[in-house]
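Please examine the sequence and the model shown below. The briefing that accompanies them is arranged by topic.

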Amino acid sequence: YGINESDSKDNLDFLRSLVHPDDKEGVRSTVQKLRKLREGDFVKTEYRLKAKDGNWKWFYNRSMIFKRDEEGNPIQYFGVGQDITDRKEKEALIRRNEEIYRNIAKNIPNGSVTVFDKELNFLILEGPLAERQGIKKGDVEGKSAYDKSLKGQDWNSLVPYMKKVIQGQEFTLEFPFKNFLFRITLVPLRD
């Protein structure tokens with residue numbers, strides 16, 4: 001992070017000043033947990049630190065008490081830290097993209113969007129049509145198309161088409177469901 005060891009050595013106030021304001025309470029809580037740990041237990045935390053260039057970097061730390069005094073008070077701890085900024089930025093991008101997909105789907109009149117992964121696990125179900133059919137995203141998201149407990153649709157009948165979509169093919173299908181005739185378009189999402 002561009003901080004010299006001489007800047008931070010034996011200077012807890014300096015180190016605390018580098019912690020992001022939104023993370024200070026979490027770090028403080030982690031330090032309290034660390035002091036109370038039993039032998040061999042670890043405490044984990046993620047927080048942001050200000051780098052010398054002024055940017056915030058995400059940091060993961062796993063620590064344990066290494067040495068205690070005669071009264072059991074911690075006097076040394078051992079910690080391993082890792083820069084996880086790239087991972088946090090990717091997670092934020094995934095959340096942003098999911099929000100975009102959901103907003104698009106919510107605004108398709110008489111339609112819904114379902115996104116699934118290569119293992120045919122449903123990642124997103126959103127849109128007014130699914131709601132009108134009584135299909136709740138909480139009943140579908142995170143489940144597999146093979147799951148017999150899925151409600152509101154015979155998802156298993158779509159599995160052969162879903163597999164072909166994973167291979168890059170596109171389909172438009174029509175099928176009856178609850179007194180309606182539905183048209184489904186299956187297309188692969190490409191980077």
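The points below concern a sheet, a helix, a loop residue and several side-chain pairs.

The model is predicted. An open sheet of three strands, in the order E1-E2-E3, is built with antiparallel pairing. Helix H4 packs on this sheet and touches E1, E2 and E3.

- Strand E1 (43-50) and strand E3 (74-83) are the edge strands, each of them pairing on one side only.
- On average, and with direction ignored, neighbouring strands of this sheet are turned by 35° against each other.
- Strand E2 (residues 56-68) runs antiparallel to E3, and nine bridges join the two.
- Tyr 60 has Gln 82 in E3 as its bridge partner.

**Helix H4 and its packing**
- The direction of H4 makes about 130° with that of E2, and the helix is in contact with E1, E2 and E3.
- H4 covers residues 85-106, which is 22 residues.
- From its first C-alpha to its last, H4 reaches 32 Å, close to the 32 Å expected at 1.5 Å a residue.
- Buried residues in H4 are Thr 85, Lys 88, Arg 102 and Ala 105.

**Charges over aromatic rings**
- Lys 88, a buried residue of H4, has its charged end over the ring of Trp 58, 4.4 Å from the ring centre.
- Arg 62 places its charged end over the ring of Phe 42, at 3.8 Å from the centre of that ring.

**The loop residue His 20**
- His 20 is found in the loop between helix H2 (12-17) and helix H3 (24-35).
- His 20 counts as buried because its relative accessibility is 13%, and buried means under 20%.
- Leaving aside residues up to four places away in sequence, His 20 touches Arg 48 and Trp 56.

**Aromatic pairs**
- Two aromatic pairs are found in a search of the whole structure.
- One of them is formed by Tyr 161 and Phe 171; this pair is edge-to-face, with 5.4 Å centre to centre and 75° between the planes.
- Tyr 161 belongs to helix H7 (residues 159-166) and Phe 171 to strand E6 (residues 171-177), so the pair ties together parts that are ten residues apart in sequence.
- Tyr 161 counts as partly exposed, at 30% relative accessibility, whereas Phe 171 is buried, with a relative accessible area of 18%.

Conventions: Residues are numbered from 1 along each chain as its sequence is written. This is a predicted model: local features need pLDDT of at least 70, side-chain atom pairs count only at pLDDT 80 or more; totals for chains, interfaces and linings use all residues. Side-chain values use heavy atoms; hydrogens and water are left out. Helices (H or I, at least four residues) and strands (E, at least two) are DSSP runs, numbered from the N terminus. The expected span of a helix is 1.5 Å times one less than its number of residues. Buried means under 20% relative accessible area, exposed over 50%, partly exposed in between (1.4 Å probe, protein chains only). Contact means heavy atoms within 4.5 Å. Two strands pair if DSSP finds at least two bridges between them. Axes are lines fitted to C-alpha atoms, for helices over the stretch in contact, and angles run from 0 to 180 degrees between N-to-C directions. Rings of Phe, Tyr and Trp (its six-membered ring) pair if their centres lie within 6.5 Å; planes under 30 degrees apart count as stacked, over 60 as edge-to-face and the rest as tilted. A charge sits over a ring if NZ of Lys or CZ of Arg is within 6 Å of the ring centre and within 35 degrees of the ring normal.
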